[in-house]
Amino acid sequence: MLITFTFEVHQPHRLNKNINKKGNNLWERYVDTNLNKEIFNKVANKCYIPANELILELIDEYDFKVNYSITGCFIEQCLEFNEYVLDLFKDLVKTGNVELIAETYHHSLSSLYENEEEFIEDIELHRKLYKDVFGVKPKIFRNTELIYNNKIAKISKDLGFEAIFTEGTEKILSWRSPNYLYQSPDGMKILLRNYRLSDDIGFRFSARDWDQYPLTADKYALWLALTPGEVINIYMDYETFGEHQWKESGIFEFLRYLPIEISKYEHLEVVNVNEVVKKLKPRGEIYVHEFATISWADTERDVSAWLGNRMQKISFEKLKEIGEFIKENKDKLKKSEKFEEIYKIYKILQTSDNFYYQCTKGFGDIDVHMYFSHFDSPFDAYASYLNILYDFEYYIKDEMKKLNNRSDYDSKEKLIVNKDIEIKNINDNNSKECIEKNEEPKDENDKFIIV
């Protein structure tokens, strides 16, 4: 039995609750840098630094293997707020025991756009970032929040990826097990997350009302050993270690002893995800129509976490409308010194978290959404996001107006210059004719000097 441990590493660029009209640029106007820095360093001290240092020890002592999907937004914040965190990830990659999985640069919902160009662009940006920062080219792809359908699988296959990750939900499996390798209708290999065993750590680890509490490394290793199939993909947020599950819960001790307990079972082997793709053959086909798109979020495991209510849908449609305007006028906007800033903000607005905060579901799901949100309510999140969208749209159109005015001014200047040249040419011809006839110029302003 092959075992993979994969961690999603992401921090969004959280937006201002109120537009900062005193900001010197669009970034200061819309992005809450102080809050992002505060949260990033808090989570770095609780999770990223101790978890990375521990996994480096486990690799050195037990040849442990893990996989990470690190968003572009996260790497940007590493560079801005805490480069030591990024250095630790670089050290992990250098061990050869860590595989990086590609995703969208901005952890965006671009895969849900009608036009696939936006999605492809975000993937390519992420691939380039991995190359620049880590010097690697990822072989496996996972979409934002494991959002998946046949079209997404085909696009990733066409981009050269060998396999794609998604959720092993009964909605697509029915009676089948997630513990095998599958493929899409186009032949793209599919790795499925075992959500039960993943959530035992990610969500239930410190739940005292859980009938399996406390979860210990030996107990968990036994569960893995008794699970039928060929591969168990454990996938969770990296912030599970130290942030979602606090240090006091014993989560780091659990991680420290897990490799030891797993090694007690000869048929268990911890591997990187590309090894799964190489060693196993697909056991069947997974078919997911675009209208039945799945994800790993909430009990529904669909896209309702981001587009489940009217507020979210209005926000998403408005964002796409702005994107279409930018694309249609891209050539003209590129003449503006503000273009790169405009385009970056547009990308940041695509981040899935902006829509996640607007969720209004009941029961346990809403608690998870509010845990991640820096807004007081989904309605506050919606109001703030929509205010930014309309303000951003006005800014872009105002910039277009300035460019048009400048273009009109340049055209008039060009016309005046052309007329001056035309008059000069006429006068020059007149002067030339007078010289040949040994006559004075007909126009007193048409002066010339004979040398």
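**View 1. Elements around the largest pocket.** Helix H2 (33-62), helix H8 (195-202), strand E8 (231-237), helix H16 (353-356) and helix H17 (363-372) each contribute at least two residues to the lining of the largest pocket, and H17 gives the largest share, six residues. Helices (H or I, at least four residues) and strands (E, at least two) are DSSP runs, numbered from the N terminus. The model is predicted, so that local features need pLDDT of at least 70 and side-chain atom pairs count only at pLDDT 80 or more, while totals for chains, interfaces and linings use all residues. Residues are numbered from 1 along each chain as its sequence is written, and side-chain values use heavy atoms, with hydrogens and water left out.

**View 2. The aromatic pair of tyrosine 235 and tryptophan 296.** The centres of these two rings, tyrosine 235 and tryptophan 296, lie 5.4 Å apart with their planes at 80°, so the pair is edge-to-face (rings of Phe, Tyr and Trp, the last by its six-membered ring, pair if their centres lie within 6.5 Å; planes under 30 degrees apart count as stacked, over 60 as edge-to-face and the rest as tilted). Tyrosine 235 belongs to strand E8, whereas tryptophan 296 lies in the loop between helix H11 (273-279) and helix H12 (304-307), 61 residues apart. Tyrosine 235, at 0% relative accessibility, counts as buried, and tryptophan 296 counts as buried at 13% (buried means under 20% relative accessible area, exposed over 50%, partly exposed in between, with a 1.4 Å probe and protein chains only).

**View 3. An aromatic cluster.** Phe7, Phe40, Tyr48, Tyr68, Phe74, Phe81, Phe89, Tyr238 and Phe241 are linked into a cluster by ring pairs.
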